[in-house]
Each structure stands twice: as C-alpha cells, then as structure tokens.
Amino acid sequence: AASFGLNLTNIQGDILIGMKKNKELFFFFKIQDATAFKSHLGANILPLITTTTQILSNSPQLTTLVNIAFSQKGLSALGVTDNLGDTLFFSGQLNGSSSFNDQLSNWVPQFAGSDIDGVLLLASDTVDNVDSTLSTIQSSINGSISEVYRIQGAARPGDQQGHEHFGFMDGISNPTISGFAAPALPGTIVHPGQAVVAPGIILVGEQGDPSLSSRPAWALDGSFLAFRQLQQRVPEFNKYLLDNALSEPNFTVQENADLLGARMMGRWKSGAPIDLTPLADDPVLANDPNRNNNFNYTHPTFDIKSDQTHCPFSAHIRKTNPRADLAAGFNNHIIRAGIPYGPEVTSDEASASASSTDPTLERGLAFVAYQSSISTGFAFLQKAWASNANFHTVLHLLIHIIPFLSRLLQLGKWHDHFTGKCARTDCHSSFFFFLCLFKIDYSTGEDPIIGVAAGDGPRHPSGLDPQNSTRVMTIEQDFVVSRGGEYFFSPSLLALQNTLSV
Ligand code: HEM
C-alpha cells in the first residue's frame with residue numbers, strides 16, 4: 001500500500017491518521033520494575049498495540065485502540081543507551097519550558113516532576129471500554145509500572161463534536177506523507193490543499209528525516225510525540241471577543257465578535273476558512289473536504305505579502321502553516337492528534353464574571369503533535385512562528401536578502417535584482433529595497449490563540465480588523481495556558497518487540 005517501502009503494520013496507529021475516537025485516555029506512568037515491565041511489554045502490551053494498518057482496516061473488532069510512547073527517562077530506565085538524535089527530546093520538555101515563555105507555576109506538578117517514563121494512549125467510544133482495557137493491561141503487567149498522572153480526553157457533546165473548547169472545528173488540516181496515499185484505503189486520500197511531505201518529516205529514519213544519519217537503526221518508523229496540556233479559558237476568550245467586537249457595517253455586535261474570533265483562528269467555527277469566505281461563515285464549504293483546506297492565501301488581484309483582507313498574518317492557522325507565504329516551501333510540519341478534555345462551560349462561568357477560576361472546571365486541549373524533529377516541528381511552530389511577533393518581517397527580509405545575495409554572487413546579473421519587484425506597496429523596486437531593510441515596522445504580532453509574549457506580557461496581534469489592517473490589538477490575557485507536558489518517542493512495533501522488551 002505504499003512506496004518508499006513504508007511498513008504500515010510497523011507504525012503505531014495514532015501517528016499518521018490518528019485514533020479518532022470520542023474518548024481518549026492519556027495514562028502517564030513510571031516504570032517500577034524495568035525487567036518485569038520489559039517482559040510484559042512484549043507479552044502483554046505489544047499484542048494490544050493498534051497499528052496503522054488496523055486503523056485503516058476499520059475493523060469492528062477494534063473496540064479500544066492502544067498506543068504507547070516513552071520519554072527519554074523511560075528509555076533510560078529500560079536500559080536503552082542510544083541517543084535518538086533529538087536534543088529537545090533528550091533533555092525533556094521541562095528543561096525547555098522557559099523557551100516557550102511558560103510559567104512554571106502553571107505546570108501540573110507531575111509534568112514539573114521527574115517521574116514520567118511513558119504514556120499509554122487508550123482510545124474508544126466509551127470511557128468504560130477505555131477503563132476496562134486499562135485494567136486488563138494493569139492486571140497483566142503486575143505492578144511493573146505505576147500511574148503518575150492521567151488526562152481523560154473526550155470529544156465535546158452534541159453538535160460540538162469535533163470542535164475544540166473555543167467552539168472551532170478542529171482536525172481539518174493535517175499533512176500526509178508521500179508514499180502513504182493508496183486509492184484502496186479511504187483514510188489515505190489526499191484532499192485538495194493538503195500538504196504532502198516526505199515520510200521522514202514525520203517518521204524517524206525515513207526518506208527526508210533531517211537527522212537520518214544519526215538515528216539508531218531500531219528507531220526507524222517511530223515518531224516523536226510532543227504532548228502539551230493546554231488549558232483554555234473559554235469565558236475569558238468569549239468576553240474578549242464581545243468587548244472588542246469589530247466594526248463591520250451592518251453586523252450585529254455578536255456577528256462582529258464572531259468575525260474577530262474567526263480572524264484570530266483563520267477559520268469560522270464551522271471550520272470554513274476565512275481565506276475563502278472572509279466575511280460570512282459557510283457551513284457547506286466547511287463540510288466539503290475537497291474545498292475546506294483548498295486555499296493558500298494567494299488571490300489573483302491581491303498581493304500575498306501584504307493582503308490581510310482575507311486572512312490576517314497573525315491568524316492561528318496562518319502562523320502555524322503559512323502555506324504559500326513561504327514560496328520556497330518549508331519542512332516545519334506536524335501531524336496533530338489531540339482531543340479536548342474537561343467539562344463544558346457552566347452557566348455560572350458564562351455569566352458576567354466571565355472567568356475560569358474553578359480548578360475542577362478546567363478544560364482545554366490534550367495537544368498531541370507527531371514529527372521526526374521536535375525542534376523543526378512543534379517547538380518551531382510555537383516559538384519561531386506563533387510567539388514571534390515579527391514572523392512576517394523576518395520572512396520579508398529573507399525574501400529580499402536571499403535573491404539579492406545570490407545575484408551578487410553571480411555578479412553580472414546582480415542588477416536583475418533592481419528590476420525585481422517587492423510586492424509591498426511601499427517597496428516597488430530595489431531602490432526602496434534598502435529603505436525596506438531599515439524599515440522594520442511590519443510586525444504581525446503574536447498568534448492570538450497560542451502565542452505567548454516574552455515575560456508572559458500582553459500580546460499585540462495586528463491585521464485582525466478588516467477595516468483597518470494596520471490596527472494593533474492588545475490582548476492582556478492568555479486564552480490558552482500551558483499546564484506543561486512532555487516529549488515522548490512512539491516506537492515502531494518492531495522496536496517494541498526487538499529492542500524495548502528484551
Ligand atoms: C489548526 C485550535 C494549539 C498548530 C487549528 C485549528 C483550530 C486550532 C480550531 C483549525 C482546524 C484545522 O485546520 O485542523 C487550537 C487550539 C489550541 C491549539 C484551541 C490550543 C488550545 C496548537 C499548537 C500548535 C498548533 C500548540 C503548534 C505549536 C496547528 C496547526 C494547524 C492548527 C499546524 C493547522 C494549520 C493549517 O494547516 O492550516 N488549531 N490549536 N495548534 N493548529 Fe492549532
């Protein structure tokens with residue numbers, strides 16, 4: 001079913017297409033007895049691990065899907081001494097937390113501790129199924145691991161199914177890998193607009209893996225799982241939208257609030273992309289997989305380097321996947337497989353006080369991202385793009401400097417640059433190119449959903465107001481708060497069998 005020799009029965013099922021069940025438990029564990037655990041891993045857990053092939057077969061026997069992944073501490077506890085070649089994984093998420101501007105005081109103590117050796121992911125239609133599979137595993141492995149922490153993820157109820165807690169449809173845009181698509185397998189169909197990346201961008205050891213030469217052989221077909229518990233302050237988000245509703249003529253206040261939310265996200269709550277439908281939601285478009293991802297921010301009569309009438313540069317989905325904004329392409333892709341956790345907003349919370357202060361009502365996203373390199377995947381998206389107020393300024397400079405330098409090197413042609421056009425309205429020719437270099441005033445601000453300013457200060461996204469694209473908005477509060485997480489390695493089934501359980 002694949003070129004590049006992809007062996008789908010060797011790849012854990014969550015990585016390429018997600019386990020996609022309404023309930024998912026993240027069971028974080030510590031290894032208590034490594035020798036005993038190794039033999040149980042091979043004898044009792046491995047037979048339960050759900051492969052990519054099994055998910056694609058959609059077999060009714062698959063009641064509860066099971067995947068497993070290990071932190072660096074867990075691999076060390078199992079006596080694995082090979083370096084997997086990913087420095088962020090090696091040092092663990094806690095050590096890099098300050099680079100995300102995370103406030104450690106917000107971290108769940110278990111993530112801030114040093115006990116998490118691994119995580120079991122159990123997905124099913126009901127919590128009962130999940131619990132019964134967990135007890136089967138626990139009784140068979142005889143105390144060789146112990147629970148450190150758990151997060152019960154659950155799809156939201158009713159018509160909110162598939163939507164994250166702010167209300168936006170999630171799970172629409174994920175890249176796929178080349179060689180995976182096979183007409184006979186519906187889960188692998190490539191939809192228009194979907195990114196197709198080299199297998200090694202997601203799978204360790206495959207073609208396109210940026211660290212191919214430094215991987216131990218057994219790591220082939222594994223993937224790094226970046227886990228984050230991201231709390232969402234839903235009442236605060238909704239209040240901000242209403243308090244700062246835009247001023248589109250003939251819109252009600254609520255419609256202007258919805259428009260602001262859509263421009264922060266880059267999609268309407270239905271999932272319809274604002275790049276295709278900037279001023280009104282379009283649920284039919286949202287539900288059409290052949291159209292709902294088929295956009296790249298270019299429009300025939302608009303200039304992609306300055307146009308924000310369709311979608312702001314700061315919008316969450318444009319920050320995290322700039323599509324044609326980066327004409328040269330990029331490898332900073334992740335496959336997301338998270339699920340919401342926590343209860344629905346109560347009527348008390350939704351009322352005037354608009355605050356999520358009750359810890360028993362914490363809600364958010366159990367965020368899961370797969371990639372072959374955490375520093376070019378999750379960490380890059382979060383730091384270099386989402387939290388970087390100057391993202392597009394940097395791009396803009398690169399767009400000029402690279403061709404300029406390359407032309408300088410080809411001496412005779414250097415002057416070509418001077419006929420090259422910078423599409424920015426204030427920079428039509430190379431004469432203005434130099435001015436442009438010194439005029440770094442073009443800041444997009446942070447991602448209004450997940451960006452975090454240095455020192456956790458206010459964020460200043462621009463481009464959100466279609467009436468005034470240079471207007472900068474101030475967001476004092478984070479709507480998404482990192483409660484911490486860990487980096488894991490989700491090994492292949494062969495690695496579980498031949499390396500980790502012996
Ligand atoms: C897309 C919400 C955290 C990366 C989306 C979408 C929503 C969303 C509603 C649009 C649906 C889709 O295109 O599939 C959220 C919320 C978050 C969160 C509420 C936190 C609570 C993150 C984080 C990252 C991230 C931490 C990475 C650092 C992405 C990417 C896309 C996306 C790459 C796809 C963009 C595209 O291809 O167009 N997110 N997200 N998200 N998000 Fe997030």
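Val481 touches Asn106, Gln229, Leu230, Gln231 and Arg233, leaving out residues up to four places away in sequence. In this predicted model, Val481 belongs to strand E11. Its relative accessible area is 8%, and the cut-off for buried is under 20%, so Val481 counts as buried. Gln232 lies 249 residues from Val481 along the chain, yet the two C-alpha atoms are separated by 6.5 Å.

**Strand E11 and its partner**

How many residues of E11 are buried? Strand E11 spans residues 480–490, and eleven of its eleven residues are buried. The strand is mostly covered. E11 pairs with strand E7, residues 223–232. The two strands run antiparallel and are joined by nine bridges.

**The chain as a whole**

The protein chain has 502 residues, and 52% of them are buried. It holds 17 helices and eleven strands. Consider the contacts between residues at least 6 apart in sequence. Of these, 72% join residues at least 24 apart.

**Strand E1 between two partners**

Strand E1 covers residues 23–31. Seven of its nine residues are buried, so E1 is largely enclosed by the rest of the structure. E1 pairs with strand E3, residues 118–124. That pairing is antiparallel and has seven bridges. Within it, Phe26 stands opposite Leu121 of E3.

E1 also pairs with strand E4, residues 145–154. These strands run antiparallel too, with nine bridges between them. Here Glu24 has Gly153 of E4 as its bridge partner.

In a regular strand, side chains alternate between the two faces of the sheet.

| Strand | Partner | Bridges | Sense |
|---|---|---|---|
| E7 (residues 223–232) | E11 | nine | antiparallel |
| E1 | E3 (residues 118–124) | seven | antiparallel |
| E1 | E4 (residues 145–154) | nine | antiparallel |

Lys20 sits in the loop between helix H1 (13–16) and E1. Its phi is near 45 degrees, a positive value in a residue other than glycine. Is Lys20 buried or exposed? Its relative accessible area is 69%, and exposed means over 50%, so Lys20 is exposed.

Asn142 is placed in the loop between helix H7 (127–141) and E4. Its phi is near 55 degrees, again positive in a residue other than glycine. Asn142 has 63% relative accessibility and counts as exposed.

Gly143 lies in the loop between H7 and E4. Which residues does Gly143 touch, not counting those up to four places away in sequence? They are Gln32 and Gln138. Asp33 is 110 residues from Gly143 in sequence, but their C-alpha atoms are 8.0 Å apart in space.

**A loop between H2 and H3**

Leu48 is in the loop between helix H2 (34–45) and helix H3 (52–57). Its relative accessibility is 32%. That falls between the cut-offs of 20% and 50%, so Leu48 counts as partly exposed. Its contacts, apart from neighbours within four places in sequence, are Val66 and Ile137. Leu62 is 14 residues away along the chain, and the C-alpha atoms of Leu48 and Leu62 are separated by 9.8 Å.

**A helix pair**

Two packed helices are described by the angle between their axes and the distance between the axes. Helix H8 (residues 234–243) packs against helix H9 (residues 253–265) at an angle of about 120 degrees. Their axes are 8 Å apart. The crossing of H8 and H9 is right-handed.

Which residues make the contact? From H8 come Phe237, Tyr240, Leu241 and Leu242. From H9 come Val253, Gln254, Ala257, Leu260, Gly261 and Met264. By class, the contact has eight nonpolar residues, two polar ones and no charged ones.

His316 lies in helix H11, which spans residues 316–320.

How values were computed: Residues numbered from 1 in each chain as written. Predicted model: local features only at pLDDT ≥ 70, side-chain atom pairs only at ≥ 80, totals over all residues. Heavy atoms only, no water. Helix = DSSP H or I, 4+ residues; strand = E, 2+ residues; numbered from the N terminus. Buried < 20%, exposed > 50% of the residue type's maximum accessible area, 1.4 Å probe, protein only. Pairing = 2+ DSSP bridges. Axes fitted to C-alpha atoms, helices over the stretch in contact; angles between N-to-C directions. Left-handed = near helix turned anticlockwise from the far one by under 90°. Contact = heavy atoms within 4.5 Å. Nonpolar A, V, L, I, M, F, W, Y, C, P; charged D, E, K, R; others polar.
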